[in-house]
Amino acid sequence: MAGGKFFGGIHPKYHKELASAQSIEQMPLPERLIVHFAQNLGAAPKPVVKKGDAVRKGQVIAEPQGFVSVPLHAPTSGSVQAIDLFPHPVGADMPAAVIVPDGKDEWAPGLNAPRNADGFDAEKIKGIIRDAGLVGMGGAAFPTHVKLSPPKEKPIDLLIVNGAECEPYLASDHRLMIERPAEILEGASLFARALGVQQVIVAIEKNKPEAIEAIRSAIVERRGYSLRALDVVYPQGAERQLIFALTGRRVPAGGLPMDVGVLVQNVGTAFAAYEAVHFGRPLIERVVCVTGRGIARPKNIVAKIGTTFNDAIAFCGGQRGESGKVISGGPMMGVAQYSLEAPITKGTSGIVLLTREEVAQFVSDPCIRCGRCVRVCPMLLNPSALSIFVERLRFDDAEAYHVIDCIECGCCAYVCPSRRPMVHHFRRAKAEIRSKAAKAS
Amino acid sequence: MLTAVIALSALALFSSFLLAVVARAFAVPVNPKIEEVEGALPGANCGGCGLPGCSELARRIAEGKADVDACPVGGESVALKLAAIMGKAFEGGAVRKIALVLCNGNDQVAEKRFHYNGVRDCTSAAMLFGGDKACLYGCLGLGTCVGICPFQAMRMLPNGLPAVDPAKCTACGKCVAACPKKIIKLVPIDKRVHILCSSHDKGAKVRKICEVGCIACTKCVKEAPEGAITMHDNLAVVSYDFDIPDAVAACCPMNTIHVRALDGAIERLEEAASVSGGAL
């Protein structure tokens, strides 16, 4: 297959060693969970519990609204103490249910039982995955069953299991691949069956040799499966860049991977699919990498959805000194948090704590048009011109220069000698363009 | 030499004849009033009337599709001129409006939730948790309104709030539209009593995060003439249809109500801001 290196990209310091040797640990139940209703891209599910209700582990607490939406489940048994606005790690205050665990961790009936999935057909698998509330766990939280339901005219011939984990610091996918390679491959085979795909590639960056080894030894007995070790360059794990690097296929602007016959799923999502189909466990917990020099003991933890950052940080020995910044996700694409009351959601792959010295405080200067951002933009955009358009509030021009295709990877901001907040500009432009389109329709 | 002169002259003659014919044949009838009206308009192309620019408004006024006072910037004087041009009656006498920022939570009195280090623009800042102010309704103080004002009528005060220069403000409404918190209103310049808060939070929360926010105690509603101040979702709102006695301001326990005629000079306001933290 063709492929090779995608255009642009950067080589940041990875700092993966902080957490990559830490085995995944189960975090004990915290005293309360803040479970956001909006945890998937698309329509947020509608709450079906109210204050004072008793819930059991895995019970549906919010029903999906429409196709691009998934149900939400109670992460443990207990009672709903309140429904109120709480900070959501994506950067807004949103409604969430506060669940106080009763400590019994009692499953709702019919869940958490091993079953033989051999006879399940594609529709059955997709149904289970939807009902288990699965979303893409690399960070975007797009409902998985939607990705598994491409229209007839766009057949998929290749499934890519994304274990690139190119974000600096994060090591949760890395650990999952080392510790659960067979389960990840089984989850991938469920996706492959749901799509009728024969060919599966597991893609891992070369800086994770143990993960590569673990997957390699687990993959041998699976026909049609292959492992590809990728060059270490950020953003290697971005969907479009990954597809190009592996196959040479280019996803068209504004299109989806299905337009070139490919589906990409994160390793964490594959693991969650395995749990859902083989054991009837909905998505109520996930692996989160709590790392950075601002945390006493960096760890990879399995935390219940709704665990606050405060509780997760306390479990990892607390903050070391005074944190300068706490980021949900990785340092390149994550969102800085103002409150540690923000909880872990289905899309939270990591919590990165930076020390005060590591956080640069700077004033951004005018663009000097050096073109470094143009050289690193993996989407082949012109970030320099775009940022200037946005500063001048010329959103029509930004649109004409395809700002909407920006994947917000942050390479441009990383290399900018004027320290311009490029991605912030582009997010603003995208918001303006979308609201204009919404008004027009 | 001679041949060249004759040839070029002939060519010039022929071309001018052609141009004359074309000009006649394809002439577009233009209403002469459009030009006259456009001349009378301020020519700032600010968009305050809601149209793309002064020429478009001029066309509409000349065609009778817009009123002579449709230009918010020109005010009464321009309206009178336009009325004369169009031969329409125009009474005048309407009170001029200016922009007013309905938040007085400056850096000293309003809490901030975090240190913001992103794009210096209110709309961009509001995209991250609604901005750094603990009050989700408060002025973010990054000067988007100041930057967008086509008349340089606004400026940032050292206390982190914008001030409007009454002499320069034309009530074009650009700042009103640009403010992501929607806390700028156009108010009649002759009114003196203003409630400088836009928070719909409950009183207990306001007390925690801002020293000068409306806590919805409703004292002013009772003090003011019936209907002049009304409660809207935990916020007292002034109706500028009424004249409210200055004394009403004294009843506010949070100093949210300010007495100030808006027609003063900006220097006086800056002085006031440095003393009491006023946003007027």
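1. The crossing of helix 2 of chain B and helix 4 of chain B is right-handed (the near helix is turned clockwise from the far one by less than a right angle). In this predicted model, local features need pLDDT of at least 70 and side-chain atom pairs pLDDT 80 or more, while totals for chains, interfaces and linings use all residues. Residues are numbered from 1 along each chain, chains are lettered from A, and side-chain values use heavy atoms, without hydrogens and water.

2. Helix 4 covers residues 75-86 of chain B, and its axis lies 9 Å from that of helix 2 of chain B, at an angle of about 165°. That makes the two roughly antiparallel (over 145 degrees).

3. On the helix 2 side of this contact (heavy atoms within 4.5 Å) are B:Lys33, B:Glu36, B:Val37 and B:Ala40; helix 4 of chain B brings B:Val78, B:Lys81, B:Leu82, B:Ile85 and B:Met86. Six of these residues are nonpolar, none polar and three charged.

4. Now for the other partner: helix 2 (residues 32-40) and helix 3 (residues 54-62) of chain B have axes that come within 8 Å and cross at roughly 125°.

5. The contact of helix 2 with helix 3 of chain B has six nonpolar residues, one polar and three charged.

How values were computed
Axes fitted to C-alpha atoms, helices over the stretch in contact; angles between N-to-C directions. Helix = DSSP H or I, 4+ residues; strand = E, 2+ residues; numbered from the N terminus. Nonpolar A, V, L, I, M, F, W, Y, C, P; charged D, E, K, R; others polar. Parallel < 35°, antiparallel > 145°, perpendicular 65-115°, else oblique.
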